[in-house]
Amino acid sequence: MRKILYIDPLDCTGCRNCEIACSYIKERLMNPRKARVHVVRIGAVYDSPVACRQCVKAPCAISCPVEAIERKGDIWVVNGEKCIGCSICVQECPFGAISIHQDKGIAIKCDQCGHCVKSVSYTHLRAHETR
């Protein structure tokens, strides 16, 4: 079983606390642009966090020319030592869950650490097990 972050867009308040928590845990900065999860606006009134869906046949990993997106257990992670910042994975992700770190120039994505879930416990953001 793999875990993915999930929230029903009807339950998201758009507070972006998940982005703040993620950037702080990963970067020690409260900078949503450096978060691995991002809140996007859907239509005129709905917000929803976007995080890596941990695809079984991950297009990002398949397309990476240097094999920098690696499987660690059930989780796809970016190996920052291998990543060349070419952005092919960003283009190939069907969910828009990968970005390029603005300072380091390497791909970043959610690694399912769960800290964003803990930061917004008053909403329905949760780690969801799926097959």
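Colleague: Which residues form a nonpolar patch on the surface, and what accessible area do they have together?

Modeller: Happy to start there! This is a predicted model, and in it L10, V40, I42, V45 and Y46 form the nonpolar surface patch, with about 460 Å² of accessible area together.

Colleague: Why is I42 called partly exposed?

Modeller: Buried is under 20% and exposed is over 50%. With 38%, I42 falls in between, and therefore counts as partly exposed.

Colleague: Let's turn to the cysteines. How many disulfides are there?

Modeller: The count is 0. A disulfide is a covalent bond between the sulfur atoms of two cysteines.

Colleague: How do you know that C12 is in no disulfide?

Modeller: The two sulfur atoms would have to lie within 2.5 Å. For C12 the nearest cysteine sulfur belongs to C18 and is 6.5 Å away, so C12 is not in a disulfide.

Colleague: Are C12 and C86 buried or partly exposed?

Modeller: C12 has a relative accessible area of 16%, which is under 20%, so C12 is buried.

Colleague: Where does S23 lie, and why is S23 called buried?

Modeller: S23 lies in helix α1, residues 17–27. Its relative accessible area is 0%, and because that is under 20%, S23 counts as buried.

Colleague: What does the side chain of S23 reach?

Modeller: The S23 side chain reaches the backbone nitrogen of N31 at 3.0 Å. The cut-off for a polar contact is 3.5 Å, so this distance falls within it. Beyond its neighbours within four places in sequence, S23 is in contact with several residues, including R28, L29, P32 and K34.

Colleague: What makes the phi of Q54 worth a look?

Modeller: Most residues other than glycine have a negative phi. Q54 is not a glycine, yet has a positive phi of about 55°. This residue lies in the loop between β3 and α2, and is buried at 0% relative accessibility.

Colleague: What about the phi of Q112?

Modeller: Q112 also has a positive phi, near 60°. Its place is the loop between β7 and α4. At 15% relative accessible area, under the 20% cut-off, Q112 is therefore buried.

How values were computed. Residues are numbered from 1 along each chain as its sequence is written. This is a predicted model: local features need pLDDT of at least 70, side-chain atom pairs count only at pLDDT 80 or more; totals for chains, interfaces and linings use all residues. Side-chain values use heavy atoms; hydrogens and water are left out. Buried means under 20% relative accessible area, exposed over 50%, partly exposed in between (1.4 Å probe, protein chains only). Helices (H or I, at least four residues) and strands (E, at least two) are DSSP runs, numbered from the N terminus. A polar contact is a pair of N or O atoms within 3.5 Å; within protein, one must be able to donate a hydrogen and the other to accept it, and residues adjacent in sequence count only if both atoms are side-chain atoms. Contact means heavy atoms within 4.5 Å. Patches are made of residues with over 30% relative accessible area and no salt bridge: like charges are joined within 9 Å, nonpolar side chains (Val, Leu, Ile, Met, Phe, Trp, Tyr) within 5 Å. Accessible areas come from the Shrake-Rupley method with a 1.4 Å probe; for residues, only the protein chains shown count as cover. A salt bridge is a side-chain nitrogen of Lys or Arg within 4 Å of a carboxyl oxygen of Asp or Glu.
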